[in-house]
Amino acid sequence: MESMTVTSLTVHPGSRKQAPKLPSGTGIHGQSCRGLPRTIQKLVSIFRNGVVFKRANLKHITEAAKINGSGKKANVVVNCTGLSAHKLGGVEDKNMMPIRGQTVLVRNEANVMCSSSGTDDGEEEVCYLMQRAAGGGTLLGGSYQRGNWDSQLDPNLAVRIMKRAVDLCPALTGGKGIEHLDIIRQGVGLRPYRHGGTRIEKERIDGQWIIHNYGHGGYGYQSSYGCSKKVVKLVEEVLTSRPNL
């Protein structure tokens, strides 16, 4: 998957008929696209300096306090479990639900990133093209299917995604049909959406301090820096409020 960041936004005089909810038209400049696998690898390489990574299956959120690298019980647990917050003991947030997304990665390049505000294939389907930041090729999307837990590819949806992409950007295939798309792979992802918005707050569960940070939907990477700063502030509040022993 990829993440697109807007580095600047310019407001232009425009027609209210074209955008009735906006006072004017808008133009986006300086888009950048980050390859998420490479971004995660970079973060892991930074964190390895003093951080211990462990994998475990947890039935209750408080169990995480006992598996940290020091061998002692952690003072604070930061809960970033995404969709798993729906069923994890101690959390069981029923406001969590998946929003299914499906994409097609192709070797074709059009040297643009673009999207449309809607499609003729229903409100649960969208259209966008994202030039990959690394590795070449273009990511075609997509879908926005609320409450859909299916992780399997839908071949009919894939065809619609490709057709919409070629219609929106004919340069992708040199004005030819989808049979001229060179497919690398297809993917399905479940966005961790939370009704009511992202949950970032502290809570004491069975005597254990928990800092929740989940429910970011499809904008987790874009909002990660700001959310992390808020989490750090909450952790500091918890630690400074503890009595000196």
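Biologist: A polar contact is a pair of N or O atoms within 3.5 Å; within protein, one must be able to donate a hydrogen and the other to accept it. Which atoms come together in this way at the start of H2?

Modeller: Please note that this is a predicted model. At the start of H2, the backbone nitrogen of Asn156 has a side-chain oxygen of Asp154 within 3.0 Å.

Biologist: What span should helix H2 have, and what does the model show?

Modeller: Helix H2 covers residues 155-168, which is 14 residues.

Biologist: Which residues of H2 are buried?

Modeller: They are Leu157, Ala158, Ile161, Met162, Arg164, Ala165 and Val166.

Biologist: And what do those buried residues pack against?

Modeller: They pack against five strands: S4 (96-106), S6 (125-131), S7 (138-143), S8 (145-146) and S9 (183-194).

Biologist: Let us take S4, then. Is Ile99 buried or exposed?

Modeller: Ile99 is located in strand S4. Its relative accessibility is 1%, and buried means under 20%, so Ile99 counts as buried.

Biologist: Which residues does Ile99 touch?

Modeller: Leaving aside residues up to four places away in sequence, Ile99 touches Tyr144, Gln145, Arg146, Gly189, Leu190, Arg191 and Tyr193.

Biologist: How far is Ile99 from Glu124?

Modeller: Their C-alpha atoms are separated by 9.5 Å, while the two residues lie 25 positions apart along the chain.

Biologist: A change of topic: the surface. Which residues form a nonpolar patch there?

Modeller: The patch consists of Leu43, Ile46, Phe47, Val51 and Phe53, and together these residues have about 440 Å² of accessible area.

Biologist: Where does Leu43 sit, and how accessible is Leu43?

Modeller: Leu43 belongs to helix H1, residues 36-47. With a relative accessible area of 39%, Leu43 is partly exposed, because that class lies between the limits of 20% and 50%.

Biologist: Now the whole chain. How many helices and strands are there?

Modeller: The protein chain has three helices and eleven strands. Their order along the sequence is β-β-α-β-β-β-β-β-β-α-β-β-β-α.

Biologist: What share of the residues counts as buried, and what is the accessible surface?

Modeller: The chain has 245 residues, and 33% of them count as buried. The accessible surface is about 15,100 Å², with 51% of that belonging to carbon and sulfur atoms.

Biologist: Finally, what share of the contacts joins residues 24 or more positions apart?

Modeller: Among contacts with a separation of 6 or more, such pairs account for 64%.

Definitions and conventions
Residues numbered from 1 in each chain as written. Predicted model: local features only at pLDDT ≥ 70, side-chain atom pairs only at ≥ 80, totals over all residues. Heavy atoms only, no water. Helix = DSSP H or I, 4+ residues; strand = E, 2+ residues; numbered from the N terminus. Buried < 20%, exposed > 50% of the residue type's maximum accessible area, 1.4 Å probe, protein only. Contact = heavy atoms within 4.5 Å. Areas by Shrake-Rupley, 256 points an atom, 1.4 Å probe, with all protein chains shown as cover. Expected span 1.5 Å × (residues − 1). Patch = residues over 30% accessible without salt bridge, like charges linked within 9 Å, V, L, I, M, F, W, Y side chains within 5 Å. Salt bridge = Lys/Arg side-chain N within 4 Å of Asp/Glu carboxyl O.
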